[in-house]
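Thanks for making time this morning. Please have a look at it first.

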Amino acid sequence: QVLAWGLRGLRSGVRAPSLEVQCGGHTLRTPPIPDLTTNPNFPINAFLLTLHLPKEEEYMPPIRLRVFDTRDFGYRPEVGQTCVRGLGLPCCQPHSEGQPPSPRITTLPASISLGNPLWSLQILPKITTKKGAADKVSAGQGHQGHLSPPHPAAHQAEEEDEDENEWWSKFYAATGDKAKSRRGTDRDRLKIYSCELEAVPEFEGLQDFCQTFPLYQPGVHPVAGEDPVPVGEFKGLFCLYPLPENPEVPPPPRYFQQLPPSQPQKCLVRVYIVRAFDLSPRDRNGLCDPYIRVSLGTKTLGQRDQYVPNTLEPTFGRMFEVTGTIPLEKDLRVTLIDYDLLPPDQEIGTTTIDLENRLLSRFRAHCGLPTVYRTTGPGCWRDQLPPSRALEHFARTQGLPAPEFSADDTAVTFKGQTFLLSHFERAPPPRQRPGAPREHLALHVLHSCHLVPEHLETRTLYSSTQPGLEQGKVQMWVDIFPASLGPPGPPVDITPRKPQRYELRCVVWNTEDVDLGDTNLMGQQMSDIYVTGWLDGLEEQRQRTDVHYRSLQGDGSFNWRFVFSFEYLAAEQLCILPRKARGHRGWGEHFWSLDETVLKVPPKLILQVWDNDKFSADDFLGVLELELTKLPRPAQHSQHCTPILQGTPQSCWRWWGTRTPSHFSLFRQRQARGWWPCTVQEGGKRRLSGKLELSLELLTAKEAEERPAGKGRKDPNMRPEWSFLWLKAPLRSLRHNLWRRYRCRLSLALVLLLLFALLLTFIYAAPGYLAMKLVDPLRSFSLTGGKQH
């Protein structure tokens, strides 16, 4: 049995081509295609050819395919032909008594050369279930024919939060990069194939309905060492049936009975280009500036100025929508081109996708099946049909009975098997899942049919100037939506993650126990302390405080604010730093580069303490590095500040009778204040060289705009200049110069002074007190009767 579906890619001068199939001395001629430009499919597709073939495979005659054009006056020139050898054995053995024959399909490989190709026999698998699994479930549940779910453990996981449903989190979870994925579970999974989708063995090249046979120009022999150039393609399939020896036994049923409509379909095609890697360099610096160009028929999408500069592993994250009529426009071309300042640009590589095979394949390759059915959010169902209708459409296209759902939509009978929702979801979800149970059950049944899942395919790029040499790979997928099935769902947002701008405000209050690096005229150790700070990778934003002069004990008062602005990618917990293009000889920047590259580093605040010198280089006294996502918890008092608090391996610390984590993220807490230790490297070890009292505040760009603050002590929100109060400076000098050196003597002198003052007071008051006691003027007044003398 021959399925002659149509002809593709013939030259424009062909009017009404027809096919001639020759095998074993028999010839089959198809009616011509009336108009190749409006419908390249044959008006009659299924044909039956009775042959007498030997049982041994090596004696099988070849099949010769010839395409003739119909011209005026009966002229029929041959426009293409191919020859297939190694027909193979029959696909169906003769049936035994009482059992009807079951036909099986023989398919030809897609790559058939003009010389001596091989024709491998492949069996079209039916959607059946393992009897052992069905019996096991039926024995445990008491229902005959129940099917156990393929992955029950995955469906018992908890639902993810909305931010975890982001597509890039799902992508990085599939690649195994846990640092960039914030997903708590792997319930919504993404399958990443390391090859083209048609190269996956389980999908049979997506040519299970009809295969592609290249046609070559007749009478032209290829040059030695070169492959012949096809002049067209034939879409078709062959089925081989053994006829019973007894003529009274009915022949086996034909397979090509329910065929899809052969009329062209108008489709919406969505092309998702995620990223590319291992690209062949095109510039002198060993890199390239790739951009995308998508072509379908006469339509071309992709803009030249949307290139990714200076990289061999670009991340595109772009989606293209294009409409086309299949099979008139079936070949989708995705090309990566290197951008040059002066055109023309150079082609990096191209990959071609046959959309017709994906649309006609029974593996439902036009749109991958997600593992979770959602009606809202980033993972919203994007197919045209909900799972229940998609299951009915799949059964109708495969000639199977329609599925029958129970009244409560918790059970369905499909292909003689009974599926229960409880078998796939043994535990109820922790929160109410959107969508009816009918849709979730139908989605589980579709997955049990081994259809194409939600995926990402890796396609190899080839260049026309260097055929046969790989020019890189691109990861992408394609969704095809026929207009006859209605409008599709919303597209998947694969826009690359965009950083958010933050502002870090760091106030340096005080320092203590800073190393003393100088000696004053009195022979005392001292330091002129100042603090500098910047964010790692943003050295151009370096800021410094004023100088606290002549600190004798390593303490200083600043009250100085640093303000740093940066872009932060919350999903990856990295800062995004723009940089000039870098060459292949290293990371040196080129001043003539016009493009910027992106560097990702962890958000880290670096503070250094220095000793200011007038006539020599400043002395380095200590450094404090604070990673904002893993900020060590500060000490509330300076005496509790030790280097153990920074980078401790312990997960918790006891603080005022409570147990608190030793590290926290400033992006969650937003504010922190306390003492952090500064260290210095000496002898291969780090020692404590000072303590810094800081207050850290993290604001978004909008919050920073609503509450502005100036740097240092400037407006707005000016900080008082406490360190320059005229009354406080002399007292501080007395405290450092006298009190710390002579505090014992001064204390003793103060006590003696108080005792001496008490003694003088006693000596001064004692005579009057004694005279009053001896005279007693009150008694003398009473004896005289109060009269004055």
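Predicted model: local features only at pLDDT ≥ 70, side-chain atom pairs only at ≥ 80, totals over all residues.

**The nonpolar cores and the rings**

Let me begin with the largest nonpolar core, which has 36 residues, and in which Leu-504, Phe-566, Leu-605, Leu-607, Leu-666, Leu-692 and Leu-694 have the most contacts. By a nonpolar core I mean a set of buried Ala, Val, Leu, Ile, Met, Phe, Trp, Tyr and Cys residues joined through side-chain atoms within 4.5 Å, where buried means under 20% relative accessible area with a 1.4 Å probe, counting protein chains only. The element that gives the most to this core is β26, with 6 residues. A second, separate core has 26 residues, including Cys-267, Ile-273, Ala-276 and Ile-353.

Residues are numbered from 1 along each chain as its sequence is written, and side-chain values use heavy atoms, with hydrogens and water left out.

Now to the rings: the structure holds 22 aromatic pairs, that is, rings of Phe, Tyr and Trp (its six-membered ring) whose centres lie within 6.5 Å, called stacked if the planes are under 30 degrees apart, edge-to-face if over 60, and tilted for the rest. Phe-566 and Phe-667 have ring centres 6.4 Å apart and planes at 85 degrees, so this pair is edge-to-face. Because Phe-566 lies in strand β26 (residues 556-569) and Phe-667 in helix α7 (residues 666-669), the pair ties together parts that are 101 residues apart in sequence. Helices (H or I, at least four residues) and strands (E, at least two) are DSSP runs, numbered from the N terminus.

What kind of pair do Tyr-568 and Phe-667 form? They are stacked, at 3.8 Å centre to centre with 15 degrees between the planes, and both residues are buried.

Elsewhere, ring pairs link Trp-167, Trp-168, Phe-171, Tyr-172, Tyr-272 and Trp-477 into a cluster.

Finally, for the chain as a whole, there are 10 helices and 36 strands, and buried residues make up 47% of the 789 residues. Taking a contact as heavy atoms within 4.5 Å, 67% of the contacts between residues at least 6 apart in sequence join residues at least 24 apart.

Terms used: Buried < 20%, exposed > 50% of the residue type's maximum accessible area, 1.4 Å probe, protein only.
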